[in-house]
Amino acid sequence: MRAKIIGTGSCLPQKAVTNDDLSTLMETSDEWIKSRTGISARHLVSSETETTLSMAVNAGKSALADAGLLPEDIELIIVATVSSDFITPSTACMVQKELGAVHAAAFDMNAACSGFLFALNTADAYFQAGIYQNALIIGVETLSKIVDWKDRSTCVLFGDGAGAAVLRADSEGIIASLQGSNGAGGHVLMCKNRSSNNPFVATDTRLDYLYMDGQEVFKFAVKKETECIQELLAQTGLAPSDITWYLLHQANQRIINSIARKLKLPLDKFPSNVDHCGNTSAASIPILLDEVHRANTLSEGDLILLSGFGAGLTWGAALLRW
Ligand code: COA
């Protein structure tokens with residue numbers, strides 16, 4: 001049995017912040033951001049009631065309603081995030097409580113922007129082992145609280161939000177998947193944001209924010225994500241043109257354009273929402289999936305390839321039948 005997506009949901013914070021809004025806070029411009037990234041606006045949390053947890057819960061509720069399942073039906077909850085509200089309990093356990101998913105085992109995972117794919121692949125592995133029959137997986141981030149608002153080359157790229165999918169063990173669903181990591185490259189995108197309270201350690205209690213070497217990440221993203229897609233296609237014997245839709249991590253429209261060019265495919269196979277969401281890290285793929293699902297873009301039987309990359313470094317892909 002493999003994982004089949006039977007419902008999707010998403011939640012974006014109320015406040016949309018345009019490039020022009022940002023140019024009132026820092027020296028930047030709509031022209032600079034738009035031409036280098038394709039981003040016009042992003043949603044950012046703007047009140048104490050909008051949190052990683054609240055967005056995860058809203059996205060989860062909406063995915064459950066779409067799937068026609070009740071919270072108490074759910075056996076497994078995995079939340080992919082690097083921006084949980086608490087160190088412990090996990091966001092997944094807090095989501096379980098808020099939803100009343102009393103029968104679920106729940107845990108978080110951190111694979112940065114590849115997190116949703118790692119969660120999908122993990123749930124799929126549980127299904128293949130016969131351990132669970134369904135799962136709720138959520139990618140959620142409030143990166144606005146960890147980006148460096150004094151670093152205009154990174155803070156303009158990211159947005160907040162949550163996306164969710166309900167999975168069922170089925171004879172049809174995920175066809176093939178892969179994931180990988182290269183810890184040795186981790187220094188190009190990192191956030192050392194932990195202080196220590198240990199009295200025996202002379203501690204630097206400074207909190208650091210997200211650091212990124214943009215050009216190195218750009219090169220890694222185009223190379224690794226293209227290779228990852230090609231490897232997955234080779235596993236299945238499919239040609240790039242056999243895939244109906246490519247739903248890629250929404251980091252930068254230029255990265256998506258480069259990958260489409262390398263695969264010699266038209267851009268209309270690559271739906272995108274980076275224009276109005278920015279990079280929402282672990283939430284980006286499930287938010288996009290929910291958008292295209294609710295816009296009736298997907299038809300039963302479509303072949304969908306999800307792929308992403310992120311800090312760690314990490315990357316992953318999954319091919320599935322809708
Ligand atoms: N507004 C205006 N100018 C800015 C700016 C901003 N928001 N941010 C940086 N600049 C300036 C820099 O200071 C630099 O100026 P200098 O040349 O005088 O030193 C210049 O713009 C750099 O521009 P450029 O070389 O054209 O940048 P770039 O083409 O490398 O684009 C990124 C920068 C960040 C958009 C690009 O590298 C990128 O998208 N990388 C991938 C990031 C990513 O996807 N991260 C997420 C991974 S999950």
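**The ligand shell and a pocket**

By class, the shell around the ligand holds 10 nonpolar, 8 polar and 4 charged residues; Ala, Val, Leu, Ile, Met, Phe, Trp, Tyr, Cys and Pro count as nonpolar, Asp, Glu, Lys and Arg as charged, and the others, Gly among them, as polar. This is a predicted model, in which local features need pLDDT of at least 70 and side-chain atom pairs pLDDT 80 or more, while totals for chains, interfaces and linings use all residues. Residues are numbered from 1 along each chain as its sequence is written, and side-chain values use heavy atoms, without hydrogens and water.

Of the 22 residues around the ligand (a heavy atom within 4 Å), Thr 28, Arg 36, Arg 152, Gly 214 and Asn 252 come nearest. Helix 7 supplies the largest share of this shell, 4 residues; helices here are DSSP runs of H or I with at least four residues, strands are E runs of at least two, and both are numbered from the N terminus.

The side chain of Arg 36 has an N or O atom 2.7 Å from an oxygen atom of the ligand. At Gly 214, a backbone N or O atom is 2.9 Å from a ligand nitrogen atom. Gln 215 places a polar side-chain atom 3.0 Å from an oxygen atom of the ligand.

Helix 7 (214-236) is also among the elements that give two or more residues to the lining of the second largest pocket. Helix 7 gives the largest share of that lining, 4 residues.

Notes: A polar contact is a pair of N or O atoms within 3.5 Å; within protein, one must be able to donate a hydrogen and the other to accept it, and residues adjacent in sequence count only if both atoms are side-chain atoms.
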